[in-house]
Amino acid sequence: MTDISRENVSCPDENHDTPTPALSESETASASTSEFSRNKQRKRKYLTSWENKWPWLVYDQDADVARCQMCVKAEELKLFKAEKRHDDAFISRGFSQWTKGPDRFAAHERATCHHEAVSNVAVLEDGHSVTAKLNAQIAEGQAAAREALTIIFTSLHYLACQNIAVRGHRHDDGNFAELLKLRSEDKPSLRQWLAKRNNWTSDIIQNEILEMLAHDVQRQIVSDIEKSPYIGLIADSTTDSDGLEQLSISIRYLHAETLVIHEAFLGMYNSSSSTADALTNAIKDVLLRLGIPFSKLCGHSFDGASNMSGRLYGVQAQIKAMQPKSMFVHCVNHSLDLALQETASDIAVVRNSLAIVRDCANIFRESAKRKQKLKQIADDISVSTETESGQSTFLLSLCPTRWCVRSRAITRMLKCWKAILLAMEELVSESGRGDMKSKIDGLRKQMSKANTYCGVLLRQGLFGPCEDLATALQSEKTTATGALHAAGVLLNHLERIRHEDEFDHLYNQSELDAAVLLMRPVLPRRLS
Ligand SMILES: [Zn+2]
């Protein structure tokens, strides 16, 4: 209190009710050197040193009053409870009774309204900083999540483009999980993300992302199809391993900018059954959903099954009823395939030799031991078993439906005919299952006959060029006129070789080969 009394200098005008302490000489001296200045009437003035003790004080020079900045701020922000009485002297009116200053300042600092103002302002300021911190944290989390999701998307995109299986036997193995682990080695934030329980890598989300990617590809294709003035439809159905009917739909269209014909696969669709009505409805539904109008259809092509190509109630007839301008084309490759199958089954020597080739390929392909034996013997007699791509599976099985891959299989078999015979002899002489031995022995006897070899060679001479045509017809670039022209070329070739000279040439060839391979007695191999 001595301090206050020292600073409280009398001011008769303002301070009538308080006793006026007299100034000692020493006080006068200190006041003259400090900021404590007096006017001519020795009136007390505001001291800036008060702010050291009461930091909330703020001096308004124009009005010559002091206020409490905390209370002023609380009043401005309406942080006071309305019913409470405020210390107006330190808020709106301002305090100017300097002689009572220190007492009143101390009293104000103890007042409830000041405490309320200080605590409310502090809460508000803290709140602001907490919200800002929370916002920054949320933004950081969002950026990390966005980055992780982008990596999840690009990883799935990569696997889908490369035709690589996504999942393994469990959720946490498989190519997708391993790829993410690998990528997280370069991205620590991804590693943290993957450690979370909810990290968007579940099977459901993988499927959803793949579906989104598929829809995006489909939308791009459809946007190109929309610009084409004409379209063609290709559809075929088959039964999958679950016994469900799957309908594949492709569209041929003209690219509006490059004027090049494209063939786009739109997808596999489930149809309720394999009847013509169900398949027609499925096609209509797909085209409607993708916004492809039937009015642009100028051709549709299916296989020869009665539900597809039936003249009265087949899918082709129903589509024709909806769009009479569209022309039905029986798939040219299917037509060629049917013609070849019919011809081959009519010629006994070709039919039997093909059956022998198929059985022989299966015998060696289904057992690693037999395959190894054949390879060893082929090496011994210097027959190359390397395929074009360097693989050692040199015996190909005959494709049951597609003819264009049969030529390669037969060429390889002709090449190692001798090795096959020697391998069969050894297999028969070894101990093993009786039924398999008798099967191999039966085949060996068939293959040892010159007419079997001749039949295979004949088949190759006749059907080899047909398979070249089949390969050409499967090309996306094939046009109707191009297909007709290619078929004409093949017919010419077949007519040219339908000649005694050509037959003699083939027969002599087989006779020469047979003499080398079969007519010579084959000595049993000596086993060390
Ligand atoms: Zn205050």
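This is a predicted model: local features need pLDDT of at least 70, side-chain atom pairs count only at pLDDT 80 or more; totals for chains, interfaces and linings use all residues.
**Two loop residues**

I placed Asp64 in the loop between β1 (57–60) and β2 (65–68), where strands (E, at least two residues) and helices (H or I, at least four) are DSSP runs numbered from the N terminus. I then read its backbone and found that Asp64 has a positive phi of about 55 degrees, although it is not a glycine. Most residues other than glycine have a negative phi. I looked up Leu259 as well, which sits in the loop between β4 (245–254) and β5 (261–270) and has a positive phi near 55 degrees. Leu259 is exposed, with 7 other C-beta atoms within 10 Å.

**The sheet**

I followed the strands next and found an open sheet of 5 strands in the order β5-β4-β3-β6-β7, with mixed pairing; two strands pair if DSSP finds at least two bridges between them. β5 and β7 (327–330) stand at the edges with a single partner strand each, so one side of each has no neighbour in the sheet. Neighbouring strands here are turned by 20 degrees against each other on average, direction ignored.

I checked the pairs one at a time. β3 (residues 231–239) and β4 pair in the antiparallel sense over 9 bridges, and Thr238 has Gln246 in β4 as its bridge partner. In the hairpin of β3 and β4, with 5 residues between the strands, I noted that Gly243 takes a positive phi near 80 degrees. β4 and β5 are also antiparallel, over 9 bridges, and Gln246 stands opposite Asn270 in β5. β3 pairs with β6 (residues 297–302) in the parallel sense over 4 bridges, and there Ile231 has Leu297 as its bridge partner.

**Helices**

In α8 (residues 188–195) I listed Leu190, Trp193 and Leu194 as the buried residues. They cover an arc of only 95 degrees around the axis, taken from the directions from the helix axis to the C-beta atoms, and are therefore on the same side of α8. Pro188 and Ala195 are exposed on the other side of α8.

I then turned to α14 (residues 348–365) and α19 (residues 450–473), which pack at an angle of about 100 degrees with their axes 8 Å apart; axes are lines fitted to C-alpha atoms, for helices over the stretch in contact, and angles run from 0 to 180 degrees between N-to-C directions. The two helices, α14 and α19, are therefore roughly perpendicular (65 to 115 degrees; under 35 counts as roughly parallel, over 145 as roughly antiparallel, and the rest as oblique).

Last, I looked at Ala317 in α12 (residues 315–322), which counts as partly exposed with 16 C-beta neighbours inside 10 Å. Ala317 and Thr280 are 37 residues apart in sequence and 9.8 Å apart in space, C-alpha to C-alpha.

Methods. Residues are numbered from 1 along each chain as its sequence is written. A residue is buried if 20 or more other C-beta atoms lie within 10 Å of its own, exposed if 12 or fewer, and partly exposed in between; C-beta atoms are placed from the backbone.
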